[in-house]
Each structure stands twice: as C-alpha cells, then as structure tokens.
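User: Hi! I'm new to this one, could you walk me through it?
Analyst: Happy to, here it is.
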Amino acid sequence: MRLFRRKSAAADPPDPRTAWPEQPVPDDPAAAAEAFWHGWFELLPMVSAALGEGEPHRVEYELCQLVEALHPRLHFSLERGRQAIYALVVTGQEDPEVRPFTDAWRAAAPPDDAIWEYHDSVPPVPDPTEVTVNLGEHRIALADVRVAAQVDDDERVVDVAVFHPRFGDLDDDARRTMTFLPLDATLGERLAAERLRRVETAEAEPAGAITLLELRELVRGLAGGPDENVGPPG
C-alpha cells in the first residue's frame, strides 16, 4: 500500500508542462520533525480508519502535505509492519543533504507499539524469496532472482549483476525496477546503499550466481554482522 508524495489531490490531472513548484526547506530539522509528529497524531484517527477499511488513498493527500512540510525531497510509504501491524517509512533515499531531517524525524518519533512502527529508511522484508511483484500484466517472483556478486575485500563493498528469467518480457523501466527492488527488499535501503557499489542488469544468468538470501548473508558479513533492521537469516 505504498503512497507517493507527488500525487495531486486535484480532480483534474495537472498540465504535464507545468513544473512542480519549488517547495521551501525548513531551517530547523528538529522543529520540522516536531511539527510533523504533531500533525501525525492529529491525522492518526483518519489514517487508522482509512487503513482499517482498506482505503489508504483517502489520506494520501494529507500525508503528502505532512511529509513534504518536513522536507520536499522526502518519500514515504505505509507498509505492513515487521513487529507492529503497520509501519510508517519516511526516507530520503540515502541523500546526505536530507539525512539531518530523517535523523531528527526518527529521534522525535514515539516508541514503536503493537499498532505502529517507524523507519527512516526502507527496511528489508523478512524473506524476499516469498515476495511476488506485480508489474502490469507480469508477476515476478523474487525467488527466481539470481545475483552475480564480486566482492572488493579492501573496500568491503560488492559489485552485483541481477538476473531474472522474466527480464526479457519487461520493458527498460520495468527491468530497471526489477534490478534494484530485489536488492532493497533483501538488504534494506540503507545497507544496500552502504555496501553495494555497482549494480547492473544481467541479460543471461551469470555463472556462479547466488540467491537473494545468499546475497544477504554475504553483505551482512561484510558489514560486520546483521543489520539492525534485518531479522534472522531465512
């Protein structure tokens, strides 16, 4: 149930020639974070009702405004939680200029509880091999992804080439999505950004390719242990 910050609430679609207006960046990340959480708690009854009725789009515009006021380059999503029922993810996609705002947002966040948990980067899924991605008419099982991984031991990073047997059925944009999505699902956004150096799409299955769970074990080992957002190995 991913929600994107740029969706307009207007009844008519905007003229595509019209540039998105420049949004101001707050001067004080801590004050912006405090304002976010004040707005979140005011909005929470509406959010809970929309999610409970399976209609998250009802609060999309309000959440877009709330996140954009924190920083205009932030993205967010509502997800199923790992421990709680729901998760709110607010991410700057590892942009260092935005990191002070996600740091302040996370520092001011309430404690996780049985209903909500909060993440300042996209977390990994417990088992990516159980995930199937719908891309238009295509259903892409991540269990079939294979990855060629070349480790740079000095830099403690990995260059990868990602292959899926359905790549030939996809257009360029979809192939690009399916190159990066399995990596974020497996490692989480932050660990992927820290430890993956070059990422390529493979047209044929590379020799010696490994599964996503094997990639997770490899990268976690380079990072010195399990990432804090990753559960036990699958």
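**Helix, rings and sheet**

User: Which residues of helix α3 (residues 99-108) are buried?
Analyst: They are F101, T102, A104 and W105. Buried means under 20% relative accessible area, with exposed over 50% and partly exposed in between, for a 1.4 Å probe and protein chains only. Helices (H or I, at least four residues) and strands (E, at least two) are DSSP runs, numbered from the N terminus.
User: How do those buried residues fall, seen down the axis of α3?
Analyst: Within an arc of 160°, so they line one face of the helix. The arc is taken from the directions that lead from the helix axis to the C-beta atoms. An α-helix has 3.6 residues a turn, so residues three or four places apart point the same way.
User: And what covers the buried residues of α3?
Analyst: The cover includes α1 (29-52), α2 (60-70), β2 (86-91) and β3 (116-119), where contact means heavy atoms within 4.5 Å.
User: Before we go on, where does the model come from?
Analyst: This is a predicted model, in which local features need pLDDT of at least 70 and side-chain atom pairs count only at pLDDT 80 or more, while totals for chains, interfaces and linings use all residues. Residues are numbered from 1 along each chain as its sequence is written, and side-chain values use heavy atoms, leaving out hydrogens and water.
User: New topic: how many aromatic pairs are there?
Analyst: The count is 10. Rings of Phe, Tyr and Trp (its six-membered ring) pair if their centres lie within 6.5 Å; planes under 30 degrees apart are stacked, over 60 edge-to-face, and the rest tilted. W40 and Y118 make an edge-to-face pair, 6.4 Å centre to centre with 85° between the planes.
User: Where do W40 and Y118 lie?
Analyst: W40 is in helix α1 and Y118 in strand β3, so the pair ties together parts 78 residues apart in sequence. W40 is buried at a relative accessible area of 0%, and Y118 is buried at 3%.
User: Which residues form the aromatic cluster?
Analyst: F36, W37, W40, F41, Y86, W105, W116 and Y118 form one cluster.
User: What about the sheet, what order do its strands have?
Analyst: It is an open sheet of 3 strands in the order β1-β2-β3, with mixed pairing. Strands pair if DSSP finds at least two bridges between them. β1 (75-80) and β3 stand at the edges, each with a single partner strand, so one side of each has no neighbour in the sheet.
User: How many bridges join β1 to β2?
Analyst: 6 bridges, and the two strands run antiparallel.
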